[in-house]
Amino acid sequence: MADRRPILLDCDPGVDDALAILWLAAHPELFDLRAVTVAAGNVGLELTVANAQRVLDLAGLGDIPVHAGAFRPIGAPRGKISMVHGKDGLGDIGLPPATRPPAAGHGAQAIIDTAHSAGGRLHLVATGPLTNIALALLLDPELPSLIDGLTLMGGAAFVPGNTTPAAEFNFHVDPQAARIVFENGIDITMAGLDVTRQAVISPQVMAQLSGHDAPMRGLCGKLLKGYRDPCLHDSVVVAWLMAPQLFESVPAHVAITCVPGEIAGQSVAATTERHLAGRSPNATILTRLDQRKFEAMFLSSMQALERRL
Ligand code: BDR
Ligand code: CA
């Protein structure tokens, strides 16, 4: 397994974060998951941390360190509570509780330490508000040179937002963090709503998952029943890392709006020479995905995980 890619997942589980974790866990031949860092987002920090642990345990990855990170965004504390993922953040389906305390050390410090120990090869994967990664960048100016890139779910470049007409949830929750991340010279792949809205959970897949006796497919069916969103947003980052040939993308300069209110967290993407106005692209924005192949890959990955457990 010499070519396994060292990765660190920063997340806020969340049902679709949970499915991304299961998908990553299905492919130890590709992904060397070194640590999971957690921020508040879909629900409060205590729950997002416990949820990351609960899902890792179910996926047979209970030995991966889970570090608690930011309990609130860098800018204004969050006002609205999201009910998309149920009260407990995992669809209220009664998953077993987390059985251990989080690993020692703040999530932002864990990002820095993991990057240093991976010798420049660490790839960051982010599926929540970018608070921990922004804090890590503020703490360690060397960090951008130590990571091999960041693939994130967040933003809405060419389509409307989901939390406000202008902004996607992860960027809207912590616009200042998103701005810091996009202004730090990291090689970013942005899987925003432009592409994740195409990752629709089809009725055919739901029918295959609901009530399945196989453990992972059954679990996915239950989680998805408690999820009030039609798309598997966070799983798209895993599909991209595994099969970039299923996607189309465009280089862009992305600027994040930090004005409070409805436009907080808006991702303004410049792609033409005129709009770039001399700036270089700071991100690759995913724009299209082969939904049928995405879905097939998801199902076969859950079967692969069942064989491993
Ligand atoms: C994003 O918001 C959260 O609700 C999901 O987990 C995903 O990361 C989609 O906008
Ligand atoms: Ca998420």
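Which elements each supply at least two residues of the lining of the largest pocket? Keep that in mind while going through the points below.

1. First, a caveat: this is a predicted model. To settle the opening question, the elements are α1, α6 and α7 (175–182). Among the contributors to that lining, α6 gives the most, with 4 residues.

2. The largest pocket holds about 620 Å³ of space. It has 36 lining residues, and the closest to its centre are Arg78, Thr163, Phe169, His172 and Val173. Sorted by class, the lining comes out as 14 nonpolar, 13 polar and 9 charged residues.

3. Ligand 1 takes up the space of this largest pocket. Two elements give two or more residues to the shell around the ligand, namely α1 (15–25) and α6 (169–173). The shell includes Asp16, Asp17, His85, Met153, Glu168, Phe169, His233 and Asp234.

4. Now the polar contacts of ligand 1. An N or O atom in the Asn42 side chain is 2.8 Å from a ligand oxygen, and a polar side-chain atom of Asp17 sits 3.1 Å from a ligand oxygen. Thr127 uses its backbone instead, with an N or O atom 3.0 Å from an oxygen of the ligand. On its own, ligand 1 has 280 Å² of accessible area, and the protein covers 96% of that.

5. Worth a look too: the second largest pocket, with about 200 Å³ of space. Of its 16 lining residues, Ala40, Gly41, Val43, Gly44 and Arg78 lie nearest the centre. The lining divides into 8 nonpolar, 5 polar and 3 charged residues.

Notes
Residues numbered from 1 in each chain as written. Chains lettered and ligands numbered in written order. Predicted model: local features only at pLDDT ≥ 70, side-chain atom pairs only at ≥ 80, totals over all residues. Heavy atoms only, no water. Near = heavy atom within 4 Å. Polar contact = N/O pair within 3.5 Å; in protein donor to acceptor, adjacent residues only side chain to side chain. Areas by Shrake-Rupley, 256 points an atom, 1.4 Å probe, with all protein chains shown as cover. 1 Å grid on protein atoms, 1.4 Å probe; cavity = no way out; pocket = protein on both sides within 12 Å on 5 of 7 lines; lining within 4 Å. Sits in = over half its atoms within 2 Å of the grid points. Points joined across faces, edges and corners; volume = space filled by probe spheres on them. Nonpolar A, V, L, I, M, F, W, Y, C, P; charged D, E, K, R; others polar.
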